[in-house]
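Here is a friendly set of notes to read with the model open beside you. Take the points in any order you like.

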There are 2 protein chains.
Amino acid sequence: MKKNSHPDLETLMFLIAKLPGLGPKSARRIALYLLKNRDNIMNPLSGALDKVYQNVARCNICGNFKTNKIECNCSNKNNYEQICVVENVADMWALEGTNVYSGQYHILGGTLSAINGINPEDLLIGSLVSRIKANSVKEVILATSATIEGQTTAHYIKDSIKNLNVKVTKLAHGLPVGGEIEYLDDGTLFSAFKYRSSLNSD
Amino acid sequence: MKKNSHPDLETLMFLIAKLPGLGPKSARRIALYLLKNRDNIMNPLSGALDKVYQNVARCNICGNFKTNKIECNCSNKNNYEQICVVENVADMWALEGTNVYSGQYHILGGTLSAINGINPEDLLIGSLVSRIKANSVKEVILATSATIEGQTTAHYIKDSIKNLNVKVTKLAHGLPVGGEIEYLDDGTLFSAFKYRSSLNSD
């Protein structure tokens with residue numbers, strides 16, 4: 001600890017420095033900023049953290065965040081024709097930003113990964129099966145990442161629900177919008193070529 | 001607000017995004033990280049913020065942070081031969097890191113600035129004069145930045161204490177260690193030339 005510092009301040013900086021994307025220098029800058037803005041930022045932030053800690057919990061059914069002890073939106077029986085399966089909350093928010101889909105989401109909480117020891121029972125796959133069975137779901141959209149883990153997870157889910165008489169789709173693979181062919185990787189080009197669409201049908 | 005989000009979580013992200021160096025995307029990343037690490041980061045961070053808010057205050061005499069309602073280190077009568085005057089706490093910590101000085105510090109809380117309306121009475125200059133008078137201070141080291149505001153402030157302080165029979169020094173100006181002459185600005189080169197030191201005296 002620095003000689004001319006305060007132990008509580010040191011603890012605060014130590015904790016801030018643990019947050020993703022931050023280090024000791026930005027933690028120090030943030031801590032001093034907080035001390036300068038005691039009443040309009042530091043106090044509300046402490047309250048907000050406390051509130052989220054007390055109130056926000058993960059729903060055991062759909063994986064989204066919900067208010068503790070209150071039923072999650074996913075138990076609302078309307079709008080259950082489609083379920084879009086994503087890896088995490090950030091992915092859901094990214095999809096929401098496109099406004100292309102407004103139905104139910106199902107947040108797995110990660111991907112299958114033998115290396116990191118993440119098995120099917122660590123993800124919300126069982127509850128996905130239950131949700132499909134319990135509701136009149138017509139389509140399951142597998143919106144996992146185009147990584148090996150993402151695709152393995154999608155494949156596993158497809159396998160788990162193959163007997164449920166539900167349409168299963170996955171996101172299209174191909175050129176990203178704005179992508180220049182010269183700079184794309186082989187895998188993307190291969191997919192774009194393989195899944196090319198006919199212009200005659202337009 | 002996003003449809004599939006939680007109001008408390010939105011508030012938390014809004015507040016995190018206000019911190020220096022962070023924006024909405026990093027705030028989202030940090031909030032999700034906090035939710036993943038509820039008990040080992042989120043809860044302690046909330047507690048640390050609260051503790052700092054309750055306990056840490058600025059000393060009206062030396063300007064450093066001190067524990068609320070407890071006397072600051074600066075009222076300790078030992079080690080009062082030198083006072084090093086800095087603009088802010090970060091500057092003090094930077095100087096401490098060099099281990100070149102271990103005496104008393106005096107934190108002004110900024111620099112004089114006509115444009116930003118910061119006048120002498122907004123800085124802890126009066127209490128610096130009192131500290132010099134009340135203790136057997138032999139040297140006042142003006143360690144303000146080499147900016148116009150920093151140097152104006154140093155000049156003002158020098159003027160305020162000129163009758164106190166105390167040695168006043170300021171940090172040396174010149175080449176930064178590791179600085180290549182070719183890339184240095186005119187002001188630095190001018191200072192380095194003007195304050196050149198004799199090698200004969202070594």
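1. Lys69(B) sits in the loop that joins strand 2 to strand 3 (82-86) of chain B; helices (H or I, at least four residues) and strands (E, at least two) are DSSP runs, numbered from the N terminus. Although Lys69(B) is not a glycine, its phi is positive, at about 65 degrees. Lys69(B) is exposed, with a relative accessible area of 82%. Here buried means under 20% relative accessible area, exposed over 50%, and partly exposed in between, with a 1.4 Å probe and protein chains only.

2. A word on the ground rules: this is a predicted model, in which local features need pLDDT of at least 70 and side-chain atom pairs count only at pLDDT 80 or more, while totals for chains, interfaces and linings use all residues. Residues are numbered from 1 along each chain as its sequence is written, chains are lettered from A and ligands numbered from 1 in the order in which they are written, and side-chain values use heavy atoms, leaving out hydrogens and water.

3. Asn99(B) also deserves a look. Its place is the loop between helix 4 and strand 4 (104-107) of chain B. Phi of Asn99(B) is near 60 degrees, a positive value in a residue other than glycine. Asn99(B) is exposed, with a relative accessible area of 68%.

4. How is chain A laid on chain B? A turn of 179 degrees and a shift of 0.0 Å along the axis do it, with an RMSD of 0.1 Å (superposed by least squares on the C-alpha atoms of residues with pLDDT of at least 70 in both copies). That is the relation of a two-fold axis. Within chain A, the C-alpha nearest the axis belongs to Ser46(A), 2.5 Å away from it. The same surface serves both copies, as 98% of the contact residues of chain A recur in chain B; contact means heavy atoms within 4.5 Å.

5. Next, helix 1 (residues 7-16) of chain A. Because 7 of its 10 residues are buried, this helix is largely enclosed by the rest of the structure. The buried residues are Asp8(A), Leu9(A), Glu10(A), Leu12(A), Met13(A), Leu15(A) and Ile16(A). They pack against helix 2 of chain A, and also against helix 3 (38-55), strand 1, strand 2 (65-67) and helix 4 of chain B.

6. Helix 2 and helix 3 of chain A pack at an angle of about 115 degrees, with their axes 6 Å apart. Axes are lines fitted to C-alpha atoms, for helices over the stretch in contact, and angles run from 0 to 180 degrees between N-to-C directions. From helix 2 come Tyr33(A), Leu34(A), Leu35(A) and Lys36(A), which meet Arg38(A), Ile41(A), Met42(A) and Leu45(A) of helix 3. By class, this contact has 6 nonpolar, no polar and 2 charged residues (Ala, Val, Leu, Ile, Met, Phe, Trp, Tyr, Cys and Pro count as nonpolar, Asp, Glu, Lys and Arg as charged, and the others, Gly among them, as polar).

7. Do find Pro44(A), which lies in helix 3 of chain A. Pro44(A) is partly exposed, with a relative accessible area of 30%. Leaving aside neighbours within four places in sequence, Pro44(A) is in contact with Arg38(A), Asp39(A) and, from chain B, Leu15(B).
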